[in-house]
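Here are some questions and answers for a reader who is meeting this structure for the first time.

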Protein chains: 2
Amino acid sequence: MTVSAFPKPVAVVLLSGGMDSCVTAAIAARDHDLALLHLSYGQRTEARERRAFEAIALHFRATRTLQARLDHLRAIGGSALTDPSRDAVQARRPGSAIPDTYVPFRNTQFLAVAVSWAEVLGARRVFIGAVEEDSSGYPDCRREYYDAFNRLVRAGTRPETDIAVVTPLIRMSKAEIVREGARLGAPFHLTWSCYTDEETACGRCESCLLRLKGFRGAGVPDPIPYRG
Amino acid sequence: MTVSAFPKPVAVVLLSGGMDSCVTAAIAARDHDLALLHLSYGQRTEARERRAFEAIALHFRATRTLQARLDHLRAIGGSALTDPSRDAVQARRPGSAIPDTYVPFRNTQFLAVAVSWAEVLGARRVFIGAVEEDSSGYPDCRREYYDAFNRLVRAGTRPETDIAVVTPLIRMSKAEIVREGARLGAPFHLTWSCYTDEETACGRCESCLLRLKGFRGAGVPDPIPYRG
């Protein structure tokens, strides 16, 4: 650990506890003190995610953490991630470009919390591990969306505020993300990507499949166990 | 009440319980079935606001209501509205263009919830009673902000979604809002604008002063009682 008389600037990092946000935190940690934000919203895996979040926050010695609840997302419904009657493992409807696990306008809610916190902390960067190319086709994971969000931040915060949302993974494939995480020593063993809420990952849901493909493509062993 | 074989389209209306959102609901109700949304976020007046919200929802026979909590806004702080140690009545710091009651990036959090709900309901309109000209200088009450937000909605929702946030009051003065509300029979007697959480409004905080000025300017008596 480098000792410096000059404290690093603070960055807010959205950390779900998955591999993408973990690598994003590792990237942010090079030049920032971390303020780590987790959102629970009635998703099936929220307890498991929070355990991953807390372990990763300890790993990075985050100076601030905030765990917020957006319980209305469950009341609003409309997603296999928050509706127990839908199947999150087989969630892509035939002919639909956007899987059932899409939570309508969710990332805007997440980013709005992050920007509110950043404005109060005086942080100038909000990191989010969105991935365009290799993602599931969610509209709020595309670069165009983040460009629009940054214009909104400029229009909707105090004039003296200068906050930008940054998406260091947006152009990367899952394999590139794994390689970058491995290079930076990201604690993949503490992460949780699976859409189910068990002790071990299912290895079958869309999120597990993307993750496994990424590790395979990078030639890096995935350190977490999988069921059967 | 007009009886029609064709149901009206659904609109989501952000209804704090204040006079602006009440008039906005009255405007929306002419052509829409109302889905009314209230947000509690640890603001001093949340219990009083919710009573106003429920009374106004009954008045408009809203077909759907949603009361959501954003408790992290209190944890994040940074505003006289959510920090009990700050004074909400005398909240403008000398030389500051933006009063202490500004809650950082709050309206983005509110609108994000509204758009998530609208996307699931299939509503194509989200109404918010933002007022630019006569407001307190909040950055997220300006037209430029709503233009940016609508671009974000187009970028961040399913391609088949067509949701627009509309701000029918944005160019009005408080007096014009009172006149429009009176013309539409908006239930002003059920509204609550005061920044304090008492049985009767203080008549001294910035919100009461703007409200009273509006009623005076419109030549309409304000039907709610004020303290001493």
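Q: Does Arg204(B) count as buried, partly exposed or exposed?
A: In this predicted model, Arg204(B) has 16 C-beta neighbours inside 10 Å. A residue is buried with 20 or more such neighbours and exposed with 12 or fewer, so the count for Arg204(B) falls in between, and the residue is partly exposed.

Q: Where in chain B does Arg204(B) lie?
A: The helices α6 (174-184) and α7 (206-218) of chain B stand on either side of the stretch in question.

Q: What is the C-alpha to C-alpha distance in space between Arg204(B) and Ala55(B)?
A: Along the sequence, Arg204(B) and Ala55(B) are 149 residues apart. In space, from C-alpha to C-alpha, the distance between them is 25 Å.

Q: Which kind of rotation axis relates the two copies?
A: Chain A can be laid on chain B by a turn of 180° with a shift of 0.0 Å along the axis, and the RMSD is 0.0 Å. The copies are thus related as by a rotation axis that is two-fold.

Q: Which element of chain A gives the most to the side that touches chain B?
A: In the contact between the chains, 36 residues of chain A meet 36 residues of chain B. At least two residues on the side of chain A come from each of β3 (64-69), α3 (72-76), α4 (106-121) and α5 (143-156). With eleven residues, the element that gives the most is α4(A).

Note on methods:
Residues are numbered from 1 along each chain as its sequence is written. Chains are lettered from A and ligands numbered from 1 in the order in which they are written. This is a predicted model: local features need pLDDT of at least 70, side-chain atom pairs count only at pLDDT 80 or more; totals for chains, interfaces and linings use all residues. Copies are superposed by least squares on the C-alpha atoms of residues with pLDDT of at least 70 in both. Helices (H or I, at least four residues) and strands (E, at least two) are DSSP runs, numbered from the N terminus. Two residues are in contact if their C-beta atoms, placed from the backbone, lie within 7 Å.
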